[in-house]
Amino acid sequence: MRKRNWLVEDNLVALYIALHEYKDLGYQRKEIEKIITHKAVNMRIQNFIAIDTNGRKGLDAALKSPLFNEIYRIFKDLSQKKFARLVNSILDVNTKINKR
């Protein structure tokens, strides 16, 4: 499989897991790792955890990243239920695309 760049949607999935773990997702960790095929999914989650905790937890390399911080700023206050629906939709679409 050809390596692809991170999409905003991939980052949203990682941010959701960083903030809410797997609550209300229709997918488990192993399934998500098959859908988002980046080897660094867990590291991306840790990057968002670092932003959420001001570097007390996670990988602090993302603290200075404008992209990570902007995504976090936009979506951090979205209600957990709405965010879960968005992430489930992203994963549903990616699952259908990957089956082609």
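Q: Which residues of the largest nonpolar core touch the most other members?
A: This is a predicted model. A nonpolar core joins buried residues through side-chain atoms within 4.5 Å. Here the largest core has 26 residues, and those touching the most other members are Val13, Ile32, Ile36, Ile45, Phe48, Val87 and Leu91.

Q: Which elements give two or more residues to this core?
A: Five helices are on that list: α1 (8-20), α2 (29-35), α3 (41-52), α4 (66-75) and α5 (80-99). The largest share, seven residues, is from α1.

Q: At what angle do α1 and α3 pack?
A: The angle is taken between N-to-C directions. For α1 and α3 it is about 55 degrees, and the axes lie 8 Å apart. The two helices are therefore oblique to each other. Their crossing is right-handed.

Q: Which residues of α1 and α3 meet?
A: From α1 come Asn11, Ala14, Leu15, Ile17, Ala18 and Leu19; from α3 come Arg44, Ile45, Phe48, Ile49 and Asp52. Sorted by class, this contact of α1 with α3 has eight nonpolar residues, one polar and two charged.

Q: At what angle do α1 and α5 pack, and how far apart are their axes?
A: For α1 and α5 the angle is about 140 degrees, with 10 Å between the axes. That makes α1 oblique to α5, because only angles over 145 degrees count as roughly antiparallel. The crossing of α1 and α5 is left-handed.

Q: Which residues make the contact of α1 with α5?
A: On the α1 side they are Glu9, Asp10, Leu12, Val13, Leu15, Tyr16, Leu19 and His20. On the α5 side they are Gln80, Phe83, Ala84, Leu86, Val87, Ile90, Leu91 and Asn94. By class, the residues of this contact divide into eleven nonpolar, three polar and two charged.

Q: Is Lys34 buried or exposed?
A: The cut-off for exposed is over 50% relative accessible area. Lys34, in helix α2, has 67% relative accessibility and so counts as exposed.

Q: What distance separates the C-alpha atoms of Lys34 and Ser79?
A: Along the chain, Lys34 and Ser79 are 45 residues apart.

Key: Residues are numbered from 1 along each chain as its sequence is written. This is a predicted model: local features need pLDDT of at least 70, side-chain atom pairs count only at pLDDT 80 or more; totals for chains, interfaces and linings use all residues. Side-chain values use heavy atoms; hydrogens and water are left out. Buried means under 20% relative accessible area, exposed over 50%, partly exposed in between (1.4 Å probe, protein chains only). Helices (H or I, at least four residues) and strands (E, at least two) are DSSP runs, numbered from the N terminus. Axes are lines fitted to C-alpha atoms, for helices over the stretch in contact, and angles run from 0 to 180 degrees between N-to-C directions. Angles under 35 degrees count as roughly parallel, over 145 as roughly antiparallel, 65 to 115 as roughly perpendicular and the rest as oblique. A crossing is left-handed if the near helix is turned anticlockwise from the far one by less than a right angle, and right-handed if clockwise. Contact means heavy atoms within 4.5 Å. Ala, Val, Leu, Ile, Met, Phe, Trp, Tyr, Cys and Pro count as nonpolar, Asp, Glu, Lys and Arg as charged, and the others, Gly among them, as polar.
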